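Hello,

Here is the structure I said I would pass on. Please look through it first, then read the notes below.

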Amino acid sequence: MTASLRHGVISAALAYAIWGLFPLYFKHLGGVPSMEVVAHRIVWCLLLMVGVLSVMKRWAWLGPVLRSPKVLGAFTASALLLSANWLTYVWAVQHDHVLDASLGYFINPLVNVALGFFFLHERPRPAQWLAVGLAAAGVLWLTLQTGRLPWVALILAGSFGVYGLLRKIAVLGALEGLVLECLVVAPVAVMALAWWGQQGHSALNSGDASLIGLLLLAGPLTAAPLLLFAAGARRIPMATLGLLQYISPSIQFILGVWLYHEPFSAARVLGFGLIWAALAVYSAEGWWRSRQPSLA
């Protein structure tokens, strides 16, 4: 393994590990409403990323983007999807649905296959269709056993899948794109925080120093894994990146079962098992194909 490849694997693995450990952070903010947590995340992440781009002197993109309604429209849509994803995830963690959140990110790669077929005219291979079918069977089984759709998982997988689709065809890189997305929704976040503060309902009004510190930490905790991911993704093959992405939901699953003791009945074991089987098929086929030079 070359030094560049090793650095890429470590960077991407760290990014996914941080994302996987997010429940530990959001559980500590359980007394703060989910919408307020997301508003803080937007504002502090924006301020930090503005500082990063200022140090790197990477602002040449902003002028042309602001003069392009098409680009602004696309990033407004991606910003709304990302905000919905963040809000659903924070709510899920705070309301003891960590397992459902992990399920959403287990399903996400297979949602990407379906989106690629419908919107990018990609042709999934037979093994990929098998994986999608197994995952759909797992979701159907969980729905039949509980009497309701696993909506947390489906919203997380769907919103992040469509978000990824929009970013795949976007004209900006990861850092610039996140800054623009935060710029789009930051006015709403700032007004909401100001309103809650004026009404005396803000955590900044009633929280102690440790709580305020945790809220301020939302900025670096959002930016750090993104920077690590961007550094890693440039250096490693997509097949490797595809395998590493399971680090995050796996950690969340472990936290949900063994730390937070969320119920994991035999019926849920079968549903998750079908989805894990789907991921095994999907990952094995992708790995095998990456090893065949004539098919790559």
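Predicted model: local features only at pLDDT ≥ 70, side-chain atom pairs only at ≥ 80, totals over all residues.

**Helix pairs**

The axes of α5 and helix α9 (residues 174–198) come within 8 Å of each other and cross at roughly 80°. Helices here are DSSP runs of H or I with at least four residues, and strands are runs of E with at least two, numbered from the N terminus. An axis is a line fitted to C-alpha atoms, for helices over the stretch in contact, and angles run from 0 to 180 degrees between N-to-C directions.

Residues are numbered from 1 along each chain as its sequence is written, and side-chain values use heavy atoms, with hydrogens and water left out.

Which residues join α5 to α9? On the α5 side they are Leu72, Phe75, Thr76, Ser78, Ala79, Leu80, Leu82 and Ser83, and on the α9 side Gly177, Leu178, Leu180, Glu181, Val184 and Val185. Contact means heavy atoms within 4.5 Å. The residues of this contact divide into 9 nonpolar, 4 polar and 1 charged (Ala, Val, Leu, Ile, Met, Phe, Trp, Tyr, Cys and Pro count as nonpolar, Asp, Glu, Lys and Arg as charged, and the others, Gly among them, as polar).

A second pair is helix α1 (residues 3–20) and helix α12 (residues 218–233), whose axes come within 7 Å and cross at roughly 150°. That angle is why α1 counts as roughly antiparallel to α12. In the contact, α1 supplies residues including Gly8, Leu14 and Trp19, and α12 supplies residues including Pro225, Phe229 and Gly232. This contact divides into 11 nonpolar residues, 3 polar and no charged.

**Cysteines**

How many disulfides are there? The count comes to 0, where a disulfide is a pair of cysteine sulfur atoms within 2.5 Å. Cys45 is in no disulfide, and the nearest cysteine sulfur, in Cys182, is 4.2 Å away. That distance is too far for a bond. Cys45 is buried, with a relative accessible area of 0%, and Cys182 is also buried, at 2%. Buried means under 20% relative accessible area, exposed over 50%, and partly exposed in between (1.4 Å probe, protein chains only).

**Single residues**

Val257 is in helix α14 (residues 247–259). Its relative accessibility is 17%, so Val257 counts as buried. Apart from neighbours within four places in sequence, Val257 is in contact with Leu99, Glu262 and Phe264. His121 is 136 residues from Val257 along the chain, and their C-alpha atoms are separated by 39 Å.

His97 is in the loop between α5 (69–94) and α6 (98–119). Is His97 buried or partly exposed? At 21% relative accessibility, His97 counts as partly exposed. Not counting residues up to four places away in sequence, His97 touches Trp91, Ala92 and Glu262. From His97 to Leu227 the separation is 130 residues in sequence and 27 Å in space, C-alpha to C-alpha.

Thr143 is in helix α7 (residues 126–146). With 15% relative accessibility, Thr143 counts as buried. Beyond residues up to four places away in sequence, Thr143 touches Arg148, Leu149 and Pro150.

Regards

Methods. Parallel < 35°, antiparallel > 145°, perpendicular 65-115°, else oblique.
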